[in-house]
Amino acid sequence: MNHDWIDILLYPYYHNSFFHIILELTAVAFTIFSVFYAQKNNVWGYPIGIVSTIIYSYLTFETSLYGNFIINLYYTLMSFYGWYAWMYKYKKDKKKPITFCNKKDYFYTFILFLSTCIFSMMVYFFYGKLQSHSDWMDVLTTGIYFSGMYQMSMKKVENWIFWMVGNGISVPIYFLKGFILTGILFIILLLLAIFGFFLWKKKAINPILS
């Protein structure tokens, strides 16, 4: 029975190249490290995360996960912005504090979520897709992740809620697409997002911890 489960998990990789498998393993490892640094409010989370998002941009495009392809391109660009913004604050010795969202933040986040979903649908239509449940889930997670990344760059506690929801939805998507390692990764990321939320919430209430 255990052997059967191993075969089920490894089956998608029987048809993948060694290069493809190494790329996914590398992306998984760098993603986990970037989240750990993000939890600690450490700027190194950005450059480490950039390596992961570039790799996943390639992998998701190759497997027609266009929503996630857009997500990872966005992650890469926002990571460069976040890296610059956080480093600039450090240099000025005015470290940006972790805070909660206000009404204005929620409004901007909603607009970003809505516009991202619409753009993702247009991309899918362009490629003649958006026919399966996984396509629609991909569109939804694109909006969720765009919003989460925006809030993370602004150091808002609520960014972790978006990661929790998005990671939970992404688990079955990646398993269905044959990215077994990435599916397992997103289960881990879901747990890390829960921990990150409570950690940042504590730091926002007690700014000296930030």
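User: Leaving aside neighbours within four places in sequence, what is Asn-72 in contact with?

Analyst: Thr-53, Tyr-56, Ser-57 and Thr-60. Contact here means heavy atoms within 4.5 Å. A heads-up: this is a predicted model, where local features need pLDDT of at least 70 and side-chain atom pairs count only at pLDDT 80 or more, while totals for chains, interfaces and linings use all residues. Residues are numbered from 1 along each chain as its sequence is written, and side-chain values use heavy atoms, with hydrogens and water left out.

User: Why is Asn-72 called buried?

Analyst: Buried means under 20% relative accessible area, exposed means over 50%, and partly exposed is in between (1.4 Å probe, protein chains only). Asn-72 has 5%, so it counts as buried.

User: Where does Asn-72 lie?

Analyst: In helix 4, residues 66-91. Helices are DSSP runs of H or I with at least four residues, numbered from the N terminus.

User: How many aromatic pairs turn up in the whole structure?

Analyst: The search finds 11.

User: Why is the pair Phe-61 and Phe-69 called tilted?

Analyst: Rings of Phe, Tyr and Trp (its six-membered ring) pair if their centres lie within 6.5 Å; planes under 30 degrees apart are stacked, over 60 edge-to-face, and the rest tilted. Phe-61 and Phe-69 have centres 5.0 Å apart and planes at 55°, so they pair, and the pair is tilted.

User: What makes Phe-61 and Phe-69 partly exposed?

Analyst: Phe-61 has 35% relative accessible area, in between the two limits, so partly exposed is the label. Phe-69, at 22%, is partly exposed too. Another tilted pair is Tyr-145 with Phe-186, 6.4 Å centre to centre with 55° between the planes.

User: Why does the pair of Tyr-145 and Phe-186 tie together parts apart in sequence?

Analyst: Because Tyr-145 lies in helix 6 (residues 133-153) and Phe-186 in helix 8, the pair links parts 41 residues apart in sequence. Both residues are buried. Tyr-145 and Phe-186 also belong to one aromatic cluster with Tyr-75, Trp-163 and Tyr-174.

Terms used:
Helix = DSSP H or I, 4+ residues; strand = E, 2+ residues; numbered from the N terminus.
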